Amino acid sequence: MGQDTRFFLYATEGKVAKNRMHLDVRVGTGLEGEERLAALEAECARLVPLGATRVRLLYDGTDSCIVMQDIEGNEFCLD
């Protein structure tokens, strides 16, 4: 087995422009079309009361992604 090399670094500087890291939260893995969209919408509905903000839906009839923001304005995608 290979060694897992994923890690996070703490940045002491405040956010001034773009995210310094972008997260894709995998919600609809293996799903397509309306079934995938429903899974993303359900996760979005769960996160909004916890402080996340929905920014926009990207949907082409097959593939979908919901762009969200955390409470500090950092964007992440439900994918």
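Me: Hi! Is Glu 41 buried, exposed or partly exposed, and what is its relative accessible area?
Reply: In this predicted model, Glu 41 is partly exposed, with a relative accessible area of 27%.

Me: Which residue does Glu 41 form a salt bridge with?
Reply: Glu 41 pairs with Arg 54, and their closest N and O atoms are 2.6 Å apart. Glu 41 sits in helix α1 and Arg 54 in strand β2 (residues 53–59), so the pair links distant parts of the chain, 13 residues apart. Arg 54 is partly exposed too, at a relative accessible area of 35%.

Me: How many salt bridges does a search of the whole structure find?
Reply: The search turns up five salt bridges. One of them joins the side chains of Asp 79 and Arg 36, at 2.6 Å from N to O. Asp 79 lies in the segment after β4 and Arg 36 in helix α1, so this pair ties together parts that are 43 residues apart in sequence.

Me: And are those two buried or exposed?
Reply: Asp 79 is buried, with a relative accessible area of 15%. Arg 36 is buried as well, at 8%.

Me: Which residues are linked with them in a network of salt bridges?
Reply: The network links Arg 26, Arg 36, Asp 63 and Asp 79.

Me: What about Arg 46, which residue does it form a salt bridge with?
Reply: Arg 46 meets Glu 43, with the closest N and O atoms 2.8 Å apart. Both lie in helix α1, three residues apart, which is about one turn of the helix. Glu 43 is buried, with a relative accessible area of 17%, while Arg 46 is partly exposed at 47%.

Me: Changing topic: which residues make up the largest nonpolar core?
Reply: That core has eight residues: Leu 40, Cys 44, Leu 47, Ala 52, Ile 66, Met 68, Phe 76 and Leu 78. At least two residues each come from α1 (33–47), β3 (64–69) and β4 (75–78). The largest share, three residues, is supplied by α1.

Me: What does Cys 44 touch, leaving out residues up to four places away in sequence?
Reply: Cys 44 touches Arg 54, Ile 66, Met 68 and Leu 78.

Me: Last topic, the strands. In which sense do β3 and β4 pair, parallel or antiparallel?
Reply: They are antiparallel, over four bridges, and Ile 66 stands opposite Leu 78 in β4. The two strands form a hairpin with five residues between them, and Gly 73 in the turn has a positive phi of about 90°.

Me: How many bridges join β1 to β4?
Reply: Three bridges join strand β1 (residues 23–25) to β4, and these strands run parallel. Asp 24 has Cys 77 as its bridge partner in β4.

Definitions and conventions
Residues are numbered from 1 along each chain as its sequence is written. This is a predicted model: local features need pLDDT of at least 70, side-chain atom pairs count only at pLDDT 80 or more; totals for chains, interfaces and linings use all residues. Side-chain values use heavy atoms; hydrogens and water are left out. A nonpolar core is a set of buried Ala, Val, Leu, Ile, Met, Phe, Trp, Tyr and Cys residues joined through side-chain atoms within 4.5 Å. Buried means under 20% relative accessible area, exposed over 50%, partly exposed in between (1.4 Å probe, protein chains only). Contact means heavy atoms within 4.5 Å. Two strands pair if DSSP finds at least two bridges between them. A salt bridge is a side-chain nitrogen of Lys or Arg within 4 Å of a carboxyl oxygen of Asp or Glu.
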